[in-house]
Every structure is written in structure tokens, then in C-alpha cells.
Amino acid sequence: MKTSRSLQLFVLGLVLVLVGGLLAAWTQSSGGQVRIRDVRFTGTNGQQLSALLYVPGGVSAEKPAPGILAVHGYINSREVQSDFALEFARRGYVVLSLDQAGHGFSDAPAFVSGYGGPAGLAYLRGLDLVDKNNIGLEGHSMGGWTVLSAAAAYPDGYKAMVLEGSSTGSGRAPEGTLTYPRNLALVFSQYDEFSQLMWDVPRAKDVTSSPKLQKVFGTTETVQPGKVYGDPAAGTARVLYTPATTHPGDHLSHEAIGHALDWFGRTLTGGTPLPASNQVWHWNEVGTTLGWLGFISLVLGTGGLLLHTRSFEGLRRAPSAPRGLTGAGWWFSALVMLALPIATFFPLFRWAGNVLKPSALWPQSITNQIMVWALVNTLVSLVLYLIWRAGAGRRAQAVTAPTTPPDLAVAVDTAGAPLATAPAPRRGNEVLGALAVALGAVGVGYLSLLLTNFLFKVDYRFWFVGLKPMTPTHLRMFLAYLIPFTLYALMTATVLHNQMRRYARGSMLTNALLLAGGFLLFLAVQYGTLLTRGQLFTPGEPLNVIVAIQFLPILAILGVFMTYFARRTDRPYLGAFVSALFLTWYIVAGQATQFPL
């Protein structure tokens with residue numbers, strides 16, 4: 001029966017991955033009418049840059065089409081712009097969706113050479129498929145600074161620009177004037193979290209009164225959304241759009257995407273006259289989300305099947321009776337599990353950001369912050385766990401394990417049980433076997449992503465939460481970050497299986513909520529305040545709040561992995577190893593790399 005269930009999960013995963021990949025590829029290629037190529041080229045400083053090139057059908061050197069350089073924001077990648085890119089391509093534009101320097105498959109470090117924007121525009125202009133007199137630039141957030149840098153490097157190399165949730169004169173982008181950038185459309189959402197950084201106003205709804213924006217628009221009065229200022233023929237046109245969404249919400253907004261389509265339709269010539277309201281990008285999101293679900297199912301199914309092989313069948317055990325907390329003690333510990341990650345989130349991120357700078361060993365700034373947060377939470381959890389363990393042992397009047405174990409995996413097996421019940425050699429083989437199964441399960445999931453990326457030019461993604469293949473450089477970083485995140489996963493899985501398990505099999509939903517529930521409440525407060533008052537609850541932390549959005553699904557997935565494999569092995573090791581491999585891969589492949597490698 002268990003083998004059958006594992007096989008069903010495995011087959012379901014394959015079906016979801018295949019169906020999701022086909023749906024996303026069909027949508028991005030407009031039913032096969034658009035060719036998508038994975039391209040690499042050398043930047044101005046010798047960096048190799050990566051991009052996806054969308055070429056509509058019928059476009060050739062003899063029949064060139066207008067071109068658009070589309071660029072994602074900070075700690076994202078080219079795939080995040082795919083919804084914009086596919087809609088541009090459906091309208092006859094050749095689109096270069098760029099990985100910024102230090103992001104995705106582009107070489108590190110980030111932030112250099114105009115974020116890679118000038119090189120991206122030069123590459124696009126060098127294609128004989130592109131009408132060099134009709135080129136648009138589109139960028140979201142820091143991607144806006146990227147295309148602004150490209151425009152400054154090639155002032156006559158483009159015709160119009162769309163900034164999504166971005167601004168002139170921020171980051172390393174030049175200040176805006178009446179003539180720079182040319183024919184600018186600003187799409188700045190009503191609940192954009194970065195209004196202070198971008199346009200020097202505390203609330204996004206106040207952007208119409210921003211002196212900085214008024215200067216670019218050539219007016220001293222309140223800017224009227226939808227009104228075109230200046231002259232498109234002279235390149236001085238300006239327009240402001242204010243869709244009702246957030247900064248990352250621009251990617252899932254028909255309104256925000258539609259404004260970009262409308263502006264390029266007005267300012268570029270040669271595209272297909274397709275209404276801005278005609279959008280199909282949501283099917284791309286459905287397809288890549290199915291890929292996510294298929295990946296999870298594949299990992300679970302593969303791990304379950306491996307546990308039924310002769311090599312690893314010794315790891316299988318029926319779930320034992322729970323020996324953890326009950327009653328008020330359980331609820332108090334649950335509140336601690338919900339509150340601790342949130343209470344430490346901002347302080348540890350700030351500290352790590354100031355102290356643990358990117359280096360040759362740990363070259364990613366955001367990953368360093370997450371690592372410090374994870375390790376401190378691991379240490380606090382270990383102390384609380386050992387206190388509980390000692391108390392449980394005294395109450396049971398049993399021999400307990402040493403309070404300072406030489407090996408965490410040995411000490412955290414079962415609370416209050418004599419060490420003699422698990423001889424060290426057998427336990428060592430058990431841990432190694434669990435590691436081998438974890439490598440096999442996650443390895444099959446990784447192989448599925450490689451094939452999906454190769455065949456369909458997509459990854460597993462919903463919104464900006466994406467799972468990408470790793471480059472050799474990413475693999476090196478993965479190995480450096482793996483140990484800290486493995487410690488976090490081992491401690492977390494141990495607490496869930498031993499201390500917080502109230503039923504023999506454990507509850508996936510309960511464990512997912514214990515890990516992610518704190519961030520659910522945190523984000524509800526942040527965005528509830530943003531929607532009602534126009535500012536985040538912590539308006540000075542927009543980037544970290546957006547980073548926290550990813551914690552919600554990823555921690556929930558960890559809860560599923562840890563519970564599923566604990567049910568089959570009655571031990572925390574296998575679920576912890578699967579979670580550590582997945583978590584480290586997800587973070588490293590999706591972050592910006594600031595240190596040159």
C-alpha cells in the first residue's frame with residue numbers, strides 16, 4: 001500500500017511537471033508563434049550575461065521588428081519578467097529578457113556596469129532581427145535603474161521607456177530631466193512599498209505630489225495619472241499610471257502589464273495592433289505553478305519509493321507513540337515557534353547586513369542574512385529543546401541523553417530514552433542512509449527541473465517565488481551554505497517530530513502552520529496596514545518585508561517534507577536532509593551574488 005502511494009505521488013509529479021511545462025511553453029510561445037532562445041553574451045566589463053530572447057514568427061533580417069529590453073528587479077531573475085515579455089512578443093516585439101549582473105545565470109558581481117543594462121541594450125541593437133529605430137526599454141524596480149543606465153549609455157539607442165515600480169535618480173540611476181529618459185511611462189502602483197526610496201514620498205498614493213516626479217514631468221502641479229505630458233515626437237512625453245496593486249504585485253497585474261503594452265503601442269511602430277486588454281500571461285503562471293507542485297510530489301514520491309528498495313528498507317518504521325508536549329505546554333511552545341522567527345527577523349537581518357558582508361566563502365548578502373537568522377533560531381530552539389528534554393526525563397524518571405551531546409543527530413532522536421536503545425554504529429548507518437535517500441529524492445526533482453528548463457525554457461515558479469537550476473558557481477556556493485542550513489533543518493525537524501508531535505503520524509498542516517504561521521500573521525499585519533493606511537507597519541523595511549513573502553510558501557514546504565518522511569521513518573533525519581538540500585538550493589539559486597567569483 002505504501003509503495004503504491006509513493007508511486008502515485010511520483011507519477012502525479014511527472015504529470016504535473018509535464019503538463020505545467022507544456023502549458024507555460026505554449027503560453028510563452030503564443031501557441032508556437034514565438035521562438036524563445038536562451039542566449040549568453042559578454043558585458044562591458046567581461047562578465048558573461050544571460051537572457052531569454054523572444055522572436056515573433058515572421059521576423060527576420062529582411063523583415064526586422066521593434067525590440068524591447070525587459071529587466072527584472074533585485075534578487076529576481078529573467079523569468080520574473082516572463083509575463084511582460086510574452087505579452088510584448090505576442091504583439092510582434094523582439095524581446096530580450098535580461099538577467100542582471102550577479103543575478104540568475106549572469107556572472108557576479110551584482111550592481112556593476114550599469115547592472116548589465118548597457119550591454120543588454122548593445123546586444124539587442126546588434127541583432128539584425130531588430131529595427132534599431134524602434135526600441136523600447138522596460139524595467140521593474142532595480143530593473144528600472146538597469147534600463148535607465150542603458151539609456152544613459154546610449155541616449156539615441158532607444159525610443160521609449162516604461163518604469164514599473166522604479167524611479168530616476170535612485171540607486172545608481174541618473175537623475176531624470178525633461179529630456180531624459182525619452183518618452184517615459186511611469187507605472188507606480190497605489191500600494192508600492194518603495195515610495196520613499198523611489199520618489200521621496202511616504203505613501204505611494206502621494207507620488208502625484210512628489211517634487212522629484214514633478215521635475216521629470218516638467219510641472220509644479222499635481223501630476224494627473226493617465227495624462228500625457230510633453231511631446232512623443234520630440235521624445236519628451238511623460239505619463240503616470242497608478243494601478244491598484246503593490247510593488248511585487250505589478251507582475252500579476254493585468255492593469256500594470258496593460259499600461260506597458262499601451263505605452264509601447266503608442267510610442268513604437270511596427271508592432272501588432274493587439275488590444276492591451278488581450279492578455280494570456282496568467283496561463284504561464286498556472287503552468288509554472290503546476291511545475292512547483294509537480295516538483296514537490298516528485299520529491300515525496302521518489303523518497304517513498306527509495307525507502308522500499310532493498311538498500312534502504314531498513315530505514316522504514318511505523319510511527320511510534322508521541323512523547324512530546326500536550327495541553328497548555330504544547331500551545332505555549334506553539335506560540336514560541338510562531339513568535340521567535342518574527343521577533344528575530346528584522347534585528348538579525350540588520351545585524352547580518354552590517355557585519356557579515358559578502359565574501360569569497362559566503363558571497364550573497366541576502367543569503368547571509370537568512371543564514372544568520374536560521375542559525376540563531378537553531379541555537380535558541382536547541383536550548384529550549386534541551387530544557388524540555390531534561391524536564392521530560394526527570395518526570396519519566398528515566399535515564400536521559402547527555403545535555404551536551406557530541407552529535408545532534410544522536411541526542412535528538414527520542415526524548416527521555418536511554419542512549420543504549422540506539423547503538424552508535426547503527427545510528428551512523430541510519431543517518432548516512434537517510435542522507436543517500438535525500439540526495440536521490442532531491443536529485444530526481446533537480447533533474448526534472450533541468451529537463452523542464454531545457455525543453456520548455458521555464459522553471460518552477462509562482463510570481464517571484466521560483467526554483468531555478470544552479471550554475472557551477474551556484475553549486476560552489478551551495479556547498480558553502482549547506483552546513484548552516486542543515487543544522488537549521490535538523491533542529492527544526494527534531495522539534496516537530498519529538499517535542500511538538502501530538503499524534504503518531506504527525507500533521508502536515510499543523511507542522512506547516514508551526515513553521516510558516518508566524519510569517520502569515522506578520523505579513524497580514526504589514527499588508528493590512530499598507531492597504532488601510534498607505535504604509536507598511538514597518539515602513540523603513542520594504543525590502544525585508546517583500547523577502548519575507550517567500551518565507552511563507554518555503555517554510556510550509558519544509559513542514560510537508562519533514563512530516564512526510566518522519567511518518568515513514570519515525571525519525572527526523574530524512575525530512576531534515578531533504579529540507580536542507582531543497583532550502584539551500586532554492587535560496588542560493590535565486591539570490592543576487594555581490595562578491596565576484
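Biologist: Which residues touch the most other members of the largest nonpolar core?

Modeller: Keep in mind that this is a predicted model. The largest nonpolar core has 149 residues. A second, separate core of 28 residues includes L52, I68, A237 and V239. Back in the largest core, the ones touching the most other members are W292, F582 and W585.

Biologist: What does W585 touch, leaving out residues up to four places away in sequence?

Modeller: We're looking at one of the residues with the most contacts to other members of the largest core. With those sequence neighbours set aside, W585 touches F295, V442, G445, Y446, L449, L467, K468, M470 and F478.

Biologist: On to the sheet: which strands are at its edges?

Modeller: It's an open sheet of eight strands with mixed pairing, in the order 1-2-4-3-5-6-7-8. An edge strand pairs on one side only, and that picks out strand 1 (34-42) and strand 8 (238-241).

Biologist: Which residue of strand 4 is the bridge partner of V71?

Modeller: Strand 3 (residues 65-71) and strand 4 (residues 94-98) run parallel, joined by five bridges. For V71, the bridge partner in strand 4 is L98.

Biologist: What angle does the direction of helix 4 make with that of strand 5?

Modeller: Helix 4 (residues 142-153) packs on the sheet, where it touches strand 3, strand 4, strand 5 (130-140) and strand 6 (160-164). Its direction and that of strand 5 make an angle of about 145°.

Biologist: Now helix 2 and helix 7: left-handed or right-handed crossing?

Modeller: Helix 2 (residues 82-90) packs against helix 7 (residues 254-267) at about 35°, with the axes 10 Å apart. D83, F84, E87 and F88 of helix 2 meet A256, I257, A260, L261 and F264 of helix 7. By class, that contact has seven nonpolar, no polar and two charged residues. As for the handedness of the crossing, it's right-handed.

Biologist: Last one: is E175 buried, exposed or partly exposed?

Modeller: E175 sits in the loop between strand 6 and strand 7 (184-187). Beyond its neighbours within four places in sequence, E175 contacts T168, G169, Y180 and K212; K212 is 37 residues away in sequence but 9.2 Å away in space, C-alpha to C-alpha. The relative accessible area of E175 is 48%, so this residue is partly exposed.

Notes:
Residues numbered from 1 in each chain as written. Predicted model: local features only at pLDDT ≥ 70, side-chain atom pairs only at ≥ 80, totals over all residues. Heavy atoms only, no water. Core = buried A, V, L, I, M, F, W, Y, C linked by side-chain atoms within 4.5 Å. Buried < 20%, exposed > 50% of the residue type's maximum accessible area, 1.4 Å probe, protein only. Contact = heavy atoms within 4.5 Å. Pairing = 2+ DSSP bridges. Helix = DSSP H or I, 4+ residues; strand = E, 2+ residues; numbered from the N terminus. Axes fitted to C-alpha atoms, helices over the stretch in contact; angles between N-to-C directions. Left-handed = near helix turned anticlockwise from the far one by under 90°. Nonpolar A, V, L, I, M, F, W, Y, C, P; charged D, E, K, R; others polar.
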